[in-house]
Amino acid sequence: MNAPLYSLPGSQAQAFVPRASSTDADANVSSASAAPTPAFRTVADVLAQSQVEAVMDELDRDLVGLAPVKARIRDIAALLVIDKLRAAHGLAAQSPSLHMCFTGNPGTGKTTVAMRMAQILHRLGYIRKGHLVAVTRDDLVGQYIGHTAPKTKEVLKKAMGGVLFIDEAYYLYRPENERDYGQEAIEILLQVMENQRDDLVVILAGYKDRIDTFFKSNPGMSSRIAHHLDFPDYAVGELLSVGDTMLAAQHYRFGPGARDAFDDYLQRRVAQPHFANARSVRNALDRARLRQASRLFADRDRVLSHEDLTTIEACDIRASRLFGAPSGTDQAAQAA
Ligand SMILES: Nc1ncnc2c1ncn2[C@@H]1O[C@H](COP(=O)(O)OP(=O)(O)OP(=O)(O)O)[C@@H](O)[C@H]1O
Ligand SMILES: [Mg+2]
């Protein structure tokens, strides 16, 4: 019962002895240091000691859009911060269930946010290690009888103290096959999600409609998920900002007209098959970098300036097959 209340890195944490009647008593005793000060008295104390704000700020800065997701993460962080303050007042509470489900189309940031979430939960002392183990059905479910339980348990062992991220979680359940081994994995997961929830956070991810169907058939799983976060598709303007962020992180920038060309590219790309939001942006920029490199490579004797090396030109974008054949340059002029 009087276990340490905090498990912060570099622990300056002290067990808190509740102060009798704080203010009045202190006013009369000049050597007030006699009464131990609780490690945390304000939200700012907890934020400062856990350094969780740095991760939340990074999340805000590095990830474009996702306003509802970010707001939800702040809510969860707030809950944990207040829980710490409550604990410092001796108000014991069961640790909240933090299993989550991230739904959204490919490339909307689910894995990226899950990794940040692991960091946040770690900094707030909710999980011991803060690592993320990402798996799919094949990592959990065996091919033969007797193989599934050891496989699932091995994964759980690796994930303990951190976050277990199960991508396309609905593949664990195959209603068409009554004797599917996936069910065994689900049952083990359910147990651990209930009994070891202060040492492991499970995040299920996948397409929204399929996750919904999965939950309908697996109410036990659904009832253990406390937070449902939906990752919307990005608007073209947001994808463009994602592009800016990605380029800046790699020390590139758009040259004159290149950003407009990329805007044009994205308008076309979103309508194409296999569009994968921010992942498609990353792939398109990777290809633009290849073209930039080929362009520079072709000019053997030119001294390449810093600007040459860091600039993606409109032609590097418009050479994409999405623009069809050589009409690219006309469009560049139009877009500029
Ligand atoms: N909001 C964002 N701002 C900037 N970059 C982003 C954003 N969302 C995703 N990305 C980047 O896009 C790429 C794909 O993101 P991520 O892998 O997290 O998506 P996902 O939803 O897990 O996709 P999938 O369902 O295909 O696994 C990553 O490189 C990530 O850094
Ligand atoms: Mg992913």
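Ala, Val, Leu, Ile, Met, Phe, Trp, Tyr, Cys and Pro count here as nonpolar, Asp, Glu, Lys and Arg as charged, and the others, Gly among them, as polar. This is a predicted model, in which local features need pLDDT of at least 70 and side-chain atom pairs pLDDT 80 or more, while totals for chains, interfaces and linings use all residues. Residues are numbered from 1 along each chain as its sequence is written, and chains are lettered from A and ligands numbered from 1 in the order written.

Select ligand 1 to begin. Its shell (C-beta, placed from the backbone, within 6 Å) splits into seven nonpolar, eight polar and four charged residues. Of the 19 residues, Pro106, Gly109, Thr111, Thr112 and Ala278 come nearest. Elements giving two or more residues are α5 (110–123), α11 (236–249) and α13 (277–297); helices (H or I, at least four residues) and strands (E, at least two) are DSSP runs numbered from the N terminus.

Now show the strands. Five of them make an open, parallel sheet ordered β2-β3-β4-β1-β5, where pairing takes at least two DSSP bridges. β2 (132–135) and β5 (227–231) are at the edges with a single partner strand each, so one side of each has no neighbour in the sheet.

Zoom in on β1 (residues 100–104) and β4 (residues 201–206), which pair over four bridges. Phe102 stands opposite Ala205 in β4. Next, colour α5, which packs on the sheet and touches β1, β2, β3 (163–167), β4 and β5; contact is C-beta atoms, placed from the backbone, within 7 Å.

Notes. Two residues are in contact if their C-beta atoms, placed from the backbone, lie within 7 Å. Axes are lines fitted to C-alpha atoms, for helices over the stretch in contact, and angles run from 0 to 180 degrees between N-to-C directions.
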